[in-house]
Number of protein chains: 2
Amino acid sequence: MCAARSLLLLSSSRLHGSNYLEHARGQLEELFRAKNVKTVLFVPYALPDHDKYTQLVRDALQPWGYNVEGLHTKPNHSLALTEAQAIFVGGGNTFVLLSKLYELQLVDLIRQLVLERGLTYVGSSAGTNVATRSIHTTNDMPVAQPPTFEALGLVPFNINPHYLDPELNSQHKGETRDERLSEFVAYHKRPVLGLREGTSLSVQGDQAKLLGCRNAKLFKADGTTVEYEPEADLSFLLKS
Amino acid sequence: MCAARSLLLLSSSRLHGSNYLEHARGQLEELFRAKNVKTVLFVPYALPDHDKYTQLVRDALQPWGYNVEGLHTKPNHSLALTEAQAIFVGGGNTFVLLSKLYELQLVDLIRQLVLERGLTYVGSSAGTNVATRSIHTTNDMPVAQPPTFEALGLVPFNINPHYLDPELNSQHKGETRDERLSEFVAYHKRPVLGLREGTSLSVQGDQAKLLGCRNAKLFKADGTTVEYEPEADLSFLLKS
Ligand SMILES: [Ca+2]
Ligand SMILES: [Ca+2]
């Protein structure tokens, strides 16, 4: 149905002990090679300083042979997106990011370019949240209010980036991540893929695969959970 | 200006090692004695099972000599609120709670009863979030979407309940609580009071005081922070 779709959804842009995007270098290079991507259009809206954020991404990707341009520097956003080889939507605050995408009226355009025209989409953290059906499972503080929590819908389920296992001996009485995700499942009866830091979801057409060095935890619509190992085939989620 | 106002805003309903509300018993008893409260109207909407939640609160308060009734059992919510001696708004999910208050059209009524008629308001966690000007500083997952993040506005600033100091040696790359609250301050230029578990804010008329056994951390509008000790006078925040 979405034969053109090509996504790489990262849990996080950093992993403890390594540089920005370094843990995902192999995943990015493989994807960009397959799609013949030389220039990446960066979407910096999840953080306040767009120039600085774009430079951070450029400093990471340029040594690997990729040009990086900032969407915010383009006089015509729609044209820049339409002509892009690939976009990378960086993390920060999910509410701020989605608010900005709606404000700039880019949601429908990006959805169409990715699902129908095969625009390669890389997202990290907040950029992964907005790629899914909704931002209901972000970890971020709701510092901005988008017109709706419905997002790009590039995949029909939810993801929780930076998924964190409950701390066994915590004395804190706030909810654990598992309790928060169970709240979501209880209200929505829909699955959430918990992506631990260092893992990514690759979606090529109707095939989805877990990448990285750790398991992912799926919170199923029926309230149960199941762990998946690296390289696991998660294509069934695309039919959810 | 709000001479009638009488609030007790708890960071959490539980403290590690003690029973439900036990850590705040002295604070509740002092407030209820001063206001001659015998029956508490409980607002259970932040959790899905309203009967069970009301029973939990009844089991805690009844041994101390208070009757507890559930707002959800009342055929006429407005009448029940108007006749109440005190309301207790329990924690759970802040987005679910605020959505329900708007759905039932209770936001304006509760605001008016508390600010103009002196209805005693006790909130815990999500119940504390909705008492403030907005829910932008909740820790909860946005599992439901209220029509607006603006809340009861019983105080003109924001509170972060369950405030948690950053873990020094964490390898997790998601934002710390301080980073999240700094994001809010950067976007809104407004103060947030970080209430650690075990602490509460008492507001009587135009006087605000920190209660409990730990400090509170104020994130000021200018981006700096300051710690306040138990019993500190925080009345200046009511003018923010
Ligand atoms: Ca974030
Ligand atoms: Ca909560």
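Predicted model: local features only at pLDDT ≥ 70, side-chain atom pairs only at ≥ 80, totals over all residues.
Two copies of a chain are related by a rotation about an axis and a shift along it. Here, a rotation of 180 degrees with 0.0 Å of shift along its axis places chain B on chain A, with an RMSD of 0.0 Å. The two copies are therefore related as by a two-fold rotation axis. Both copies use the same surface, since 100% of the contact residues of chain B recur in chain A.

The interface itself comes next. In it, 42 residues of chain B are in contact with 42 residues of chain A. The area buried between the two chains is about 3400 Å², and carbon and sulfur atoms give 57% of this area. On the side of chain B, B:Met141, B:Lys173 and B:Tyr187 lose the most area to chain A, together 20% of what that side buries.

Polar links also join the chains: 22 residue pairs are in polar contact, and two salt bridges are counted. One of the salt bridges joins A:Asp140 to B:Arg180, with the closest N and O atoms 3.5 Å apart. Helix H7 of chain B supplies the largest share of the side that touches chain A, seven residues. By class, this side of chain B has 18 nonpolar, 15 polar and nine charged residues.

Finally, two loop residues deserve a look. A:Asn36, between helix H1 and strand S2 of chain A, has a positive phi near 55 degrees without being a glycine. B:Lys189, between helix H7 and strand S7 of chain B, has a positive phi of about 50 degrees and is not a glycine. A:Asn36 counts as exposed because its relative accessibility is 55%, and B:Lys189 counts as exposed at 59%.

Notes: Residues numbered from 1 in each chain as written. Chains lettered and ligands numbered in written order. Heavy atoms only, no water. Helix = DSSP H or I, 4+ residues; strand = E, 2+ residues; numbered from the N terminus. Buried < 20%, exposed > 50% of the residue type's maximum accessible area, 1.4 Å probe, protein only. Least-squares fit on C-alpha atoms with pLDDT ≥ 70 in both. Contact = heavy atoms within 4.5 Å. Buried area = accessible area lost by both parts, 1.4 Å probe. Salt bridge = Lys/Arg side-chain N within 4 Å of Asp/Glu carboxyl O. Polar contact = N/O pair within 3.5 Å; in protein donor to acceptor, adjacent residues only side chain to side chain. Nonpolar A, V, L, I, M, F, W, Y, C, P; charged D, E, K, R; others polar.
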